[in-house]
Amino acid sequence: MSTEADAAKQQIRERIWDLLERVRAVEPGVHGYIPAFKGADAAAQRLASLPVWQAAQVIKSVPDRAQQPVRERALLDGKLLYMAVPMLADELPFYLLDLHGIAVTAAEAASRTTAAEVARKIGVEEMQVVDIVVCGSVAVNRDGARLGKGAGYSDIEVALLQEAGLIRPSTVIVTTVHPLQVVDEPLPETEHDFSVDLIVTPDEVIECGPPRRPSGLYWDQLAEDKIAAIPILTLRAAARHG
């Protein structure tokens, strides 16, 4: 990513974080995080009312607190749920979650702290084709362009699924956000960024433009320290050069 695009993205993030804190739509201290916004439960309920959700059998979600109500709903609805290990900090970067055989509630299993204790970690080779990808956002526009918190984990997760053939043309990528996170302006995008198909707020569902998906990992855009910090990337980098 160019320094110019990076700076432009960060300016927008800072503005949204400031706005959400100012109107008390989030708890203080949201800077640097995917906002756990007021109304996240209602957004999850609205998502769960959609035919695309009701038809879905396999959900993959980020581990952010903002999307915890979506994960809980997936479990209550009997769907197979994959949740990314926070910061992809394991050679097996996804948790396999369902309520069979674990003595916790859906709310507990959906939290990343309890998931770390009760869920089995798996790699992409054990995963099924994903019907819905749930991501978090700091800002998103009606064309489906989104900004995460800037760490790039969601982009890597989607790229891994894409390379493994687990994202099909029918796969829907959705983000749940506060209405103030939906902006009217263009958002900077780079080659590895993906777009969302649906934006769900507590108040509305926004259908976005044609999907934009990475073909896989773009190694030339991955910093060495990022590769070193994510075990699955370290392994793949070694295989590429071995």
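1. Buried means under 20% relative accessible area, exposed over 50%, and partly exposed in between (1.4 Å probe, protein chains only). Glu 27 is exposed, at 53%. Arg 65 counts as exposed too, also at 53%.

2. This model is predicted: local features need pLDDT of at least 70, side-chain atom pairs need 80 or more, and totals for chains, interfaces and linings use all residues. Residues are numbered from 1 along each chain as its sequence is written, and side-chain values use heavy atoms, without hydrogens or water.

3. Look at the salt bridges (a side-chain nitrogen of Lys or Arg within 4 Å of a carboxyl oxygen of Asp or Glu). The count is 11. One of them joins Lys 9 and Asp 193 (2.9 Å, N to O). Lys 9 lies in helix H1 and Asp 193 in the loop between strands E9 and E10, so the pair ties together parts 184 residues apart in sequence. Helices (H or I, at least four residues) and strands (E, at least two) are DSSP runs, numbered from the N terminus. Lys 9 is buried, at 3%. Asp 193 is buried, at 9%.

4. Arg 236 and Glu 163 form another salt bridge (3.0 Å, N to O). Arg 236 is in helix H9 and Glu 163 in helix H7. Arg 236 is partly exposed, at 24%, and so is Glu 163, at 39%.

5. Which residues does Lys 226 contact, leaving aside neighbours within four places in sequence? They are Ala 151, Tyr 153, Ile 156 and Leu 233. Contact means heavy atoms within 4.5 Å. Lys 226 is found in helix H8.
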